[in-house]
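Open the model in your viewer and keep the selection tool ready. We will go stop by stop.

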Amino acid sequence: MAATPSKSRVKPSPPAPQTPASGPRRSLRLSSTPRTPVHCYDPSSPRKSAKKSKRSLLKTPAFCPITPNLPESKRRRRSGPDSNPSKKKIYFKRVVFDGVGFEIGDAVYVKRREDAESDGDEPEVEECRICFEVGNFVMVECDDCLGGFHLGCLKPPLKKVPEGDWICGYCEARKMGKVVELPKPPAWKKIKRTAKEKLLSSDLWAARIESLWKEPDGTYWLRCRWYMIPEETAAGRQPHNLRRELYRTNDTANIEMDSVIRHCFVMNPKDFFEANDEGDDVFYCEYEYDVHWHSFKRISEIDNSEECDEGAGNDDEWKLSKDSDSQTDEDSEKEEDTAQGTSYRKYQTHQLAANSRRGRIFGLQRIGAKRIPEHVRCHKQTELERAKAMLVLAILPKSLPCRTKEMEEITAFVKGAICDDQCLGRCLYIHGVPGTGKTMSVLSVMRNLSSEVEAGTMRPYSFIEINGLKLASPENIYKVVYEALSGHRVGWKKALHHLNERFSEGIKVGRQENQPCVLLLDELDLLLTRNQSVLYNVFDWPTRPHSKLVIIGIANTMNLPEKLLPRISSRMGIQRLCFGPYNYQQLQEIILTRLEGIDAFEEQAIEFASRKVAAMSGDARRALEICRRAADLADYRQKQLSSCTKVTSPDSSAGKCLVGMADVESAIQEVFQAPHIRIMKTSSRLSKILLVSMVHELYKSGLSEITFDKLAATVSSLCSSNREDIPGWDTLLKVGCKLGECRIILCEEGTKHKLQKLQLNFPSDDVAFALKDCPEVPWLSKYL
Amino acid sequence: MPVSKIPSFSSGSELGSAVVNDLEIAGRCQGSSTNWKRSRSQSALKSSIKSVPSPAKRIALRRCSNAIVDSKGECCDDSNGEPRVVPSSKTLREERSSDPCFQRSTWNPRDPAQIQAVKEALHVASAPDNIVCREDEQKSILDFCKACIEQDKSGSLYVCGCPGTGKSLSVKKVKELLVLWAKEAGFQAPEVLSINCTLLTKASEIFSKVIEKLHPHLKNNSCSPLQDLQKLYSQKRQLSSGKMMMIIVDEMDYLRTRDHQVLHDLFMLSTLPYSQCILIGIANTIDLADRFLPRVESLNCKPNVVTYCAYSKDQILKIIQQRLIVLGYDIFEPIALEFCARKVAAASGDMRKALDVCRSAIEVFEAELRLATNKEELKIVRFDHMDIALSRAFKPLIVDTIQSLPQHQQIILCSVVKFFWQCKKNATTIGELNRSYSEICKGNHIPPVGMLEFTNMCRALSDQGLLNVGQAKEIKQKRVTLKIDGSDVIFALKEIRFFNNCLEFLNK
């Protein structure tokens, strides 16, 4: 604040007119007496203009005719007509707008909506809650409802503002559970809410100015960072929130200066508690709120960590950016003097609008979950839909059949490691092909154990689950583990250091005593680095005396430990658990338990699906997917049927539709057949002939390429020998182009179509498989 | 010590007893605190010393010591300490029946505290107080360090050996002994810095760790930590920094960089004129020093090498017994332990593995205990428990795996075997394999799966360690080899009726 005027004063150019004037006024405001801050316009003015239209009242005071205490020259830095029609944005550090100086870093009130339902203007001065007068008496604020009370109006009257917290009699009574009747205002009087009250009832916004600039068209803009009231966060207002608490968000928006109402003061905790009589527009802000992740972070921590965590390099960078900032500021200030001329008129043309560009900003409305439409909620699910919902992979079934033996083994393993007083570190390696319930079993075991912990039959332990696929790099595992153990987020190198202290030397992490820790490493093979140091470290810890670390590793490959360096596999121990592929009875049981109580599938359909899957991979995910898809198909079929029959007999649609063999069959076709085979199967007659003749010709020649010329000749010879119409040259070309677009065949780039070389993109076996028994053109199979 | 100088160790037990003597005497020389365990083994030792002068065969030794014990009547002492030193399957069994001294306090496996104590004793982390079977190596390291400190000169030592042979453990022990010795002998105790290189974020970080330990308050950003160190060790030393520095570098091969500069610089530190550091590097590779440090060698500063061999059967047995001796009751059948030791020694000689197997055997035993309702004859971990544990650890159950595979995957295996059989080859590509597979499918009226699914199944098989699928740009060109014996596959598939006719023409 102090630097800016001095800087501008040094300059040889004519001194900025705002500096001498704005300085004292602002300071006056800050040192104003409690409850009666002197503002840029007379406190009486709002009341006088109460009958004015809402819009104009919401406008910044410059548009009010009554601003007698401000000299004309101070109201706006206008030195003359626009002398510099610069096309660039000009950035400022400080802008005097309608007589009020706004500076980067200031907090301001911002109008929320253009058509905001505001009950008139916002009085600067709050009225007493009892006598509904302003008066010049000292007021005291209730810490609960934030209402103001004249000291004299209270019963019993107070002599001076009490130290510490003070709660008004009404709130006290309400807390006791009584029904309180607040004094009613006199009927003639309209209750006006202060800006603070509007903000806290989310009719206004508070924002912090991040940058200020002037657009080429002369309008002033600012980039602001929003503040949020606790009610607007995902968590809602918490009991510990102060009434005047705001959260700084990481959401910013560009708004026009016109939407800014006036200053407010957002303070850090220290300043806030020291500020006793700064007026009504004082707010408290300790945390930053991430609007995307709904997380909170202490602002002081953010600032500290930025400085100390990244070390010197970052510091320099930071300074650098600061320097460059100030440079641009200086530049802009130089320009400022010449480019000051914003025409007063121009603003008046937008008088009715809070923002001259309607509907362009107001970012906060984007935040928050969308409403679920009512008709979705009250829609009654049919059996099929319930079945579909149960077959979704994400659903956790109530019971997990077919893996009881393995789960018992895992339970015994974890319990054996944890239950005793001294937790001995151990490792378990679980392997098995995908979709055999490895992760699911471990997680359900851990859930059971955690309920045992709650029941008090087991020692508490901490459980950390890490999926190797979710780590950006294998080293990040240290970071994740350390964060889970201590709650601090540090870089992986630091985390490794701390973790090593924790596990190999038994130094405490955090405040609590070190608990046993169960670490689940899913997709273990992805933690392999070039020298395998990550895996070495992780598996070395359990062999240390005080580690209390139990590791469960999960991967697909059976022989992963043998592929690792011998020193790692030596530390990994010998405990292995194999999850074999499911057989068809097991798959059937899994599906049936999921569908328990839902009558949507034919017995045989489920058996068919599970037999089919068990014969190939034994992957439960796949079996569920097939069943779900079959249910989809049946559902679709039923809906079509009912839409057809609805006209004739509405009752018939109520008849149950079971998922049958045909549905499962077509679902299997979809799942197990690669898309290119389906394309070939469904392609046109001519393209089938073309493909077959291509395969035939390639097979005969033994080459991998064929020219179009030759292909056309083969096609016509095949057609003539099988009594088909011989296609024209350009029809054939078109078909070839289409197949090329589908990437079934690869066409050589070039313009000469006749000699263009063609290549099959897929193995000829696939073509043979797809077109072997094609009912349309049965003679094709003899050329395959 | 006369005993330790026996040139050829005819059997492991002799080595063991000799080494025990050695260590004990060293311990007595140092006058280190004697706990009850040590005093007990000392008394056991007396008997064995008495028996040693005639360098006899193992059995002779054993009988001799027993005879002495019997004559002296130190019965309880012996039964607690001695007899487990040299058991052998043959002698033990006859002795168990004959020797009344073997009646120990019985172990109650149903007591969770006792089971827990056993498990704890067998855990990798619980290191015993004195290390058996590694006395020679430990002594040579200790002597080396002592010599360095006595002569106030630097030196480097390289310790290598397979994983699980007690390298880090005995170096750690040496570290403790050395500090003790230095205190007693009146030398200034050396600063000790032990680093595991896997914990370093980059190789050259090791120098900053060293300098940090050496001069914790040194703040000099003008030159790198390495240069600081080199300067420090090449100048005449000031009086203040008269301490020796012992640097233990575990998993040293992680310091390997492309130009081996870090390793080289590290070893060069000990060759600088006023250097004061004792460098002990630990790694698995035997020839790390030879391969990567030709320049150090040319300066004639090649580090001394101490090699840790894999444990032999007797050593493993002895170590396990030493761990269990504290508990004072029989837990394993001797033959079971011997079986375990033999298997592990044959496979890798990795002590960690042996301990794991024992633990797993106890778990097998526990599981059986839980099932057994009547309290008969479950007092000891028997041979069959150990057998189960060992087979879990060492024998992958290929046959069971193959039999539980999905049918199409079995067909693939069958087609691989058939293809190799017919073509007398041992490698093929996925494309060829697919053809062979389709043939079998067609022969049995099964619709073959598409190429994509076929590749997925091949990958699943390679995940289970049955096939090996190589890398290639085109899927069809990927090389496929069989990782297990073809006869295993045939044996496993024979029991499935479906494959009978597939395999029939194989056997023609």
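**Stop one: strand β7 of chain A**

Select residues 204-214 of chain A, strand β7: 9 of its 11 residues are buried (under 20% relative accessible area, with exposed over 50% and partly exposed in between, using a 1.4 Å probe and protein chains only). Helices (H or I, at least four residues) and strands (E, at least two) are DSSP runs, numbered from the N terminus.

This is a predicted model, where local features need pLDDT of at least 70, side-chain atom pairs count only at pLDDT 80 or more, and totals for chains, interfaces and linings use all residues. Residues count from 1 along each chain as its sequence is written, chains are lettered from A and ligands numbered from 1 in the order written, and side-chain values use heavy atoms, without hydrogens and water.

Strands pair if DSSP finds at least two bridges between them.

Next, show β4(A), residues 107-111. It runs antiparallel to β7(A), with 5 bridges. Find A:Ala107 opposite A:Arg208.

Now take β8(A), residues 220-228. It pairs with β7(A) over 8 bridges, also antiparallel. A:Trp213 has A:Trp221 as its bridge partner. The two strands, β7(A) and β8(A), form a hairpin with 5 residues between them. In the turn, click A:Gly218: its phi is positive, about 100 degrees.

**Stop three: two loops**

Most residues other than glycine have a negative phi. Select A:Arg743, in the loop between α28 (729-741) and β19 (745-747) of chain A. Its phi is positive, about 65 degrees.

Finish in chain B. B:Glu251 lies in the loop between β3 (245-250) and α11 (261-269). Its phi is positive too, about 50 degrees. Is B:Glu251 buried or exposed? B:Glu251 is buried, with a relative accessible area of 5%.
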